[in-house]
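Here is a protein model to look through together. Take a moment with the sequence and the picture before reading on.

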Amino acid sequence: MRRVRQGAALSRGGAGSRAAGEERALTSVAAGDRFQGEEPGDTPRLWHVTLSVSGKEAPLKEVRRALEQLAHDHPFFLTSRYAVDHAEIRYWEEARDLHDAAAVALRLWGEHRQTAGLPPWEIVGLEVIDRVTYHQRVAEGYGPPPASPVGVHPF
């Protein structure tokens, strides 16, 4: 049996215990499932989200204006970078677990497309990490650098 929990994998038997060519059965963990002794699932936490979108070229001024409107509409917005055919948005999301944070992130672009006037681009990348992991990466020098300056900037 294999259980995966927010980036950490736990397995019983290990890879060496399977016969050559034998397939491993994976058992998923339902959203919100907790291991014994973990905090309650209803405690919201902060998640760092990086959302990447791309599509057909759009006028640079319109992309900037739309991202500025998105920043105004969405709380916890940190920064975004943009070009005529792609953008990257980074922000903090408050959610119960990774599943909820990812679900909100995957809806963000579509739900704000009309109200913010965002280009009809598709989501091409998503990273959601917890606050501890974000700060560990930054401290070790290999994670996303702190969003500075905050705001909307060209690539």
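What follows is a short tour, going from the whole chain down to single residues.

## Ground rules

This is a predicted model, in which local features need pLDDT of at least 70, side-chain atom pairs count only at pLDDT 80 or more, and totals for chains, interfaces and linings use all residues. Residues are numbered from 1 along each chain as its sequence is written, and side-chain values use heavy atoms, with hydrogens and water left out.

## The whole chain

Let's start with the overall layout. The protein chain has three helices and seven strands; these are DSSP runs, numbered from the N terminus, with helices being H or I of at least four residues and strands E of at least two.

Of the 155 residues in the protein chain, 30% are buried. Buried here means under 20% relative accessible area, exposed means over 50%, and partly exposed is in between, using a 1.4 Å probe and protein chains only. The accessible surface of the protein chain is about 9600 Å², and carbon and sulfur atoms hold 51% of it; these areas come from the Shrake-Rupley method with a 1.4 Å probe, and for residues only the protein chains shown count as cover. Now for contacts, meaning heavy atoms within 4.5 Å: among those in the protein chain with a separation of 6 or more, 71% are between residues 24 or more positions apart.

## Two aromatic pairs

A pair of aromatic rings is described by the distance of the centres and the angle of the planes. Rings of Phe, Tyr and Trp (its six-membered ring) pair if their centres lie within 6.5 Å, and planes under 30 degrees apart count as stacked, over 60 as edge-to-face and the rest as tilted. Searching the whole structure turns up two aromatic pairs. Trp92 and Tyr134 have ring centres 5.0 Å apart and planes at 80°, so this pair is edge-to-face. It links distant parts of the chain, with Trp92 in strand β5 (residues 86-95) and Tyr134 in helix α3 (residues 131-140), 42 residues apart. Both Trp92 and Tyr134 are buried.

Trp109 and Trp121 have ring centres 6.1 Å apart and planes at 5°, so they are stacked. Trp109 belongs to helix α2 (residues 98-116), while Trp121 sits 12 residues away in the loop between α2 and β6 (122-130). Trp109 is buried, with a relative accessible area of 1%, and Trp121 is buried too, with 2%.

## Helix α2

Helix α2 has 19 residues and spans 26 Å from its first C-alpha to its last, close to the expected 27 Å (1.5 Å times one less than its number of residues). There is a bend in α2 of about 35° at Arg107, taken as the angle between axes fitted to the seven residues ending there and the seven starting there. At the start of α2, a side-chain oxygen of Asp97 comes within 3.2 Å of the backbone nitrogen of His99. Just after α2, Gly117 has a positive phi of about 70°.

Which residues of α2 are buried? They are Ala101, Ala102, Ala105, Leu108, Trp109, His112 and Ala116. Their cover includes β3 (45-54), α1 (60-73), β5 and β6.

## A closer look at Trp109

Leaving aside neighbours within four places in sequence, Trp109 is in contact with Leu51, Val53, Leu67, Ile89, Leu118, Pro119, Trp121 and Ile123.

Thr50 is in strand β3 and counts as buried, at 11% relative accessibility. Beyond four places in sequence, Thr50 is in contact with Glu88, Ile89, Arg90, Gly125, Leu126 and Glu127.

Asp85 lies in the loop between β4 (77-82) and β5, and it is partly exposed, with a relative accessible area of 30%. Not counting residues up to four places away in sequence, Asp85 touches Val53, Ser54, Gly55, Lys56, Glu57 and Trp121. The side chains of Asp85 and His86 make a polar contact at 2.7 Å. A polar contact is a pair of N or O atoms within 3.5 Å; within protein, one must be able to donate a hydrogen and the other to accept it, and residues adjacent in sequence count only if both atoms are side-chain atoms.
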